[in-house]
Amino acid sequence: MSTSLFRSRARRLPLPRPLGAPRAEARALRVRLAGRTVLSEVDLRVAAGEVLALVGPNGAGKSTLLAALACDLPAESGEVRIDDLPAAAWTPGELALRRAVLPQASELSFPFPVEDVVRMGRAPWAGTPAEDEDEEAVREAMAAAEVTGFAGRSFAALSGGERARVSLARVLAQRTPLVLLDEPTAALDLRHQELVLRVCRARAAAGDAVVVVLHDLGLAGAHADRVAVLHEGRVAADGPPSQVFDAELLSRVYAHPVEVIDHPRTGDPLVIPRRDGQGFAV
């Protein structure tokens with residue numbers, strides 16, 4: 001991979017921020033795609049030291065909001081701010097030092113070995129003092145995602161779940177203070193779903209800001225500090241899972257009746273679809 005995009009020595013490197021300081025913000029954000037308004041008047045903030053889960057039904061705007069926070073989608077109105085500055089104030093290389101993005105699907109045209117794919121995450125740091133950390137960053141990221149055992153295998157020969165974990169390792173190797181993950185658990189078994197969310201919690205504990213799109217409300221309730229519920233392109237609720245996971249709200253948003261109970265051991269909220277045969281009017 002060419003690293004010429006990242007080699008300018010005039011780049012402003014990211015600085016540590018205190019816990020609770022915003023790493024990314026959406027302000028009155030409006031996004032249109034293919035002539036349709038996908039996000040409307042969205043206000044959202046993610047701070048250093050927290051895991052923010054984006055949840056909601058299909059088509060609610062979760063992936064669009066994540067892409068907008070990554071500065072990969074332009075806004076029709078409103079703005080996205082990264083480290084207290086408008087997104088446009090940062091060059092592409094400077095953005096790559098501040099946020100790492102895991103899309104829903106990762107495809108490669110060439111049969112790169114797994115270790116080389118993970119090493120791609122270090123490209124933004126070329127020409128900076130942190131370039132000396134490349135080997136350590138790659139090694140630690142592969143261990144965290146449990147992909148060290150097939151470092152020499154071709155990425156193209158991996159299963160869907162293995163590819164997902166390698167792609168996560170690439171993001172971790174980038175070592176940015178803002179991590180944006182779009183459905184990182186979709187292709188994973190139960191054990192590795194928990195692994196991914198533990199990694200998210202570890203990154204937040206180290207002071208990073210993590211935004212993760214999830215469909216599993218149980219994972220969001222157990223691991224997220226905050227949950228933003230999206231509904232028809234707007235934020236219907238934003239707060240701790242214990243406050244946001246309200247049966248009436250979720251039943252309306254998902255157009256299906258649910259019950260919310262507390263886990264008998266941990267107290268985490270559990271969202272359970274009602275299957276008593278009763279109808280539900282949206």
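Helix α1 (residues 62–69) lies across β3 (51–55), β7, β8 (209–213) and β9 (226–231). Its axis runs at about 155° to β7. Contact here means heavy atoms within 4.5 Å. Axes are lines fitted to C-alpha atoms, for helices over the stretch in contact, with angles from 0 to 180 degrees between N-to-C directions. Helices (H or I, at least four residues) and strands (E, at least two) are DSSP runs, numbered from the N terminus.

This is a predicted model: local features need pLDDT of at least 70, side-chain atom pairs count only at pLDDT 80 or more, and totals for chains, interfaces and linings use all residues. Residues are numbered from 1 along each chain as its sequence is written, and side-chain values use heavy atoms, without hydrogens and water.

**Sheet.** Six strands form an open, mixed sheet in the order β6-β7-β8-β3-β9-β10. β6 (99–102) and β10 (234–239) are the edges; each has a single partner strand, so one side of each is left without a neighbour in the sheet. The twist averages 15° from one strand to the next. β6 pairs with β7 (residues 178–182) in the parallel sense over four bridges; pairing takes at least two DSSP bridges. R99 has L178 in β7 as its bridge partner.

V166 touches V114, V117, V118, V147, F150, F155 and L158, not counting residues up to four places away in sequence.

**Charges over rings.** The criterion is NZ of Lys or CZ of Arg within 6 Å of the ring centre and within 35 degrees of the ring normal.

| Charge | Ring | Distance from ring centre |
|---|---|---|
| R98 | W90 | 3.8 Å |
| R153 | F150 | 5.2 Å |
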